[in-house]
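Work through the exercises below with the model open. Try each task before reading its solution.

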Amino acid sequence: MGCSGLVYGYQLDGHGGGQVVSGDDIENGLPDDQLTWLHFDYTDPESRQWISEKSQLNGVVIDALLTEESRPRSTQVGDGLLVALRGVNLSPDSNPEDMVGIRIWIDEKRIISTRRRRMLSAKDMVDALEAGNGPTDAGDFLARLSAALMVRMQDTINDTEDYVDSIEEELVSSSSYDLRNKISAVRRIVISLRRYLAPQRDAMLQMHQTRVSWFNENSRQELREVTDTLIRYIEDLDSARDRAAVAQEELSNRLAEQMNNRMYLLSIVAAVFLPLGFLTGLLGINVGGMPGAENPWAFWIVSGFMTATVVIQLWLFKRKNWF
């Protein structure tokens, strides 16, 4: 009975193509005559059993391939590399910043990779092998897989930058409170992406600095180019984060200014009606001896006096440039 958790399996022919390997073919272990790539869903119990019992890997590597959470890293173990990488989640109804991970053990004759969620970059490798223009050796495989991860990140990075651009343009024409939610959303996206891309940069720098027999100079140069692309993506994210922070600060200043203007207007209104309130309160006390109580013109005299008071106040405020 084969391994049901095997997603993809290929024996590379060294010329860009490969022969499909099924779960039945690896029931008794890995063939050792050609470079073989096995891609597992590590949540499948049979995958976990095969990797633990038949992969012939040491315990540290097995634990790394089957772990639930892993940060990007690259570790040399003997003449092989243990690599963990991340890519954007492009599945329907998913958030791109909810990044998916792939764990890889790679040496001269074995490539064993594991994942939990579907990764389109692995499917790209399958399509290339089926078309006959896939990787020719282990180093080429690692460089191409890393490049495929970077290519699928590009749209997400560009969309993030475009989102920041739209926020800045909207900030010019309005100072809506809704902008705060948009700025918070884009900063959250940038933080989530950078959380994994920064250590992935370090992992890839470590990869092309390691010295293993099967990693030739051509593959090392390809990986260096991919690393440069990743560094540029991180710089773009840093720029987007800084621009979002500036936009948030500008929005906060504008909203604070709006609030200050409204409070200032209310203070002017309160200052205008303060003496009027004092006069009406004074004249409204219910005690004997109030002047003008019997005069039919008293109301109009008081109203005229208060109107004159308001006019004088407004003239003084205007003269002092208070409004």
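**Exercise 1. Find which strands helix 2 lies across, and its angle to strand 6.**

Solution. Start with helix 2, residues 59-66. Helix 2 lies across strand 4, strand 5, strand 6 and strand 7 (110-115). Its direction runs at about 155 degrees to strand 6. Axes here are lines fitted to C-alpha atoms, for helices over the stretch in contact, and angles run from 0 to 180 degrees between N-to-C directions. Next, take helix 3, residues 120-131. Helix 3 packs on the sheet and touches strand 1 (6-12), strand 2 and strand 3 (36-41). Helix 3 makes about 40 degrees with the direction of strand 1. Contact means heavy atoms within 4.5 Å. Helices (H or I, at least four residues) and strands (E, at least two) are DSSP runs, numbered from the N terminus.

The model is predicted: local features need pLDDT of at least 70, side-chain atom pairs count only at pLDDT 80 or more, and totals for chains, interfaces and linings use all residues. Residues are numbered from 1 along each chain as its sequence is written, and side-chain values use heavy atoms, with hydrogens and water left out.

**Exercise 2. Give the strand order of the sheet and its edge strands.**

Solution. Seven strands form an open sheet, ordered 2-1-3-7-6-5-4, with mixed pairing. From one strand to the next, the twist averages 15 degrees. Two strands pair if DSSP finds at least two bridges between them.

**Exercise 3. Trace the pairing of strand 5 with strand 4 and strand 6.**

Solution. Take strand 4 first. Strand 4 and strand 5 are antiparallel over five bridges. Val 77 stands opposite Gly 80 in strand 5. The two strands form a hairpin with two residues between them. Gly 78, in the turn, has a positive phi of about 65 degrees. Now take strand 6 (residues 100-106). With strand 5 (residues 80-87), strand 6 pairs in the antiparallel sense over seven bridges. Arg 86 has Gly 101 as its bridge partner in strand 6.

**Exercise 4. Compare the span of helix 4 with the expected value, then locate its bend.**

Solution. Helix 4 (residues 138-173) has 36 residues. The expected span is 1.5 Å times one less than the number of residues. Helix 4 bends by about 30 degrees at Met 153. The bend is the angle between axes fitted to the seven residues ending there and the seven starting there.

**Exercise 5. Is the chain a compact globule or more spread out?**

Solution. Count elements first: seven helices and seven strands. The radius of gyration, taken over C-alpha atoms, is 35 Å, well over the 20 Å from the globule rule for 323 residues, so the chain is more spread out than a compact globule. The rule is 2.2 Å times the number of residues to the power 0.38. The C-alpha trace spans about 120 × 40 × 35 Å along its principal axes.
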